[in-house]
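Subject: The model, and what turned up in it

Hi,

Here is the structure I promised to pass on.

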Amino acid sequence: MALPQLSIEQRRENLELAAQVRQARAKVRADLKSGNLSLAEVLKRADEPAIQRMKVSALIEALPGYGKARAEKLMDTAGISLSRRVQGLGTRQYDALIKALLG
């Protein structure tokens with residue numbers, strides 16, 4: 001499948017949109033790290049385009065006290081694949097993740 005030929009204006013708009021999404025994701029991670037947001041609050045906003053495409057592991061790693069190894073262990077406990085994105089979480093996985101974080 002060939003890539004579509006975009007005009008300069010279309011490319012500029014796409015680049016601006018991508019930058020806005022990256023900034024929104026960075027803000028979510030920073031708010032998680034500072035404690036201004038909880039993971040449950042972020043997951044409730046899962047219908048937002050910037051949050052939908054975030055990996056669940058990246059969100060967990062942004063929590064205070066969590067690194068790569070601890071996030072992997074938590075996701076394994078909750079039965080969630082490391083490559084899972086927020087939009088792909090089912091209700092059971094969501095519940096298991098919250099339970100694993102609280103318990």
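Predicted model: local features only at pLDDT ≥ 70, side-chain atom pairs only at ≥ 80, totals over all residues.

Residues are numbered from 1 along each chain as its sequence is written, and side-chain values use heavy atoms, with hydrogens and water left out.

The core

The largest nonpolar core has 23 residues. By nonpolar core I mean a set of buried Ala, Val, Leu, Ile, Met, Phe, Trp, Tyr and Cys residues joined through side-chain atoms within 4.5 Å. Buried is under 20% relative accessible area, exposed is over 50%, and partly exposed is in between (1.4 Å probe, protein chains only). The residues with the most contacts inside this core are Leu32, Leu43, Leu59, Ile60 and Leu97. Helix 1, helix 2 (39–44), helix 4, helix 5 and helix 6 each give two or more residues to the core. Helices here are DSSP runs (H or I, at least four residues), numbered from the N terminus.

Take Leu32: leaving aside neighbours within four places in sequence, its contacts (heavy atoms within 4.5 Å) include Leu37, Val42, Leu59 and Pro64.

Helix 5

Which residues of helix 5 are buried? In this helix, residues 68–78, they are Ala71, Leu74, Met75 and Ala78. Looking down the axis of helix 5, the buried residues fall within an arc of 95°, so they line one face of the helix; the arc is taken from the directions from the helix axis to the C-beta atoms. They pack against helix 4 (56–62) and helix 6 (91–102). On the face turned away from the buried side sit the exposed residues Ala69, Lys73, Asp76 and Thr77.

Salt bridges

How many salt bridges does the structure hold? There are three, counting a side-chain nitrogen of Lys or Arg within 4 Å of a carboxyl oxygen of Asp or Glu. Side chains of opposite charge can pair when their charged atoms come close.

- Glu9 with Arg12: the closest N and O atoms are 2.7 Å apart. Both residues lie in helix 1 (residues 8–34), three residues apart, about one turn of the helix. Glu9 is partly exposed at 41%, and Arg12 is partly exposed at 41%.
- Lys27 with Asp31: the closest N and O atoms are 3.0 Å apart. This pair also lies in helix 1, four residues apart. Asp31 is buried, at 16%.
- Glu48 with Arg45: the side chains meet at 3.0 Å, N to O. Glu48 is partly exposed at 30%, and so is Arg45 at 29%.

Two single residues

Gln93 is in helix 6 and counts as buried at 19%. Its side chain reaches the backbone nitrogen of Gly90 at 3.1 Å, a polar contact (N or O atoms within 3.5 Å, one able to donate a hydrogen and the other to accept it; residues adjacent in sequence count only if both atoms are side-chain atoms). Beyond its neighbours within four places in sequence, Gln93 touches Gly79, Ile80, Arg84 and Gly88.

Gln5, in the segment before helix 1, is exposed at 76%. Gln5 and Ala69 are 64 residues apart in sequence and 42 Å apart in space, C-alpha to C-alpha.

Cheers
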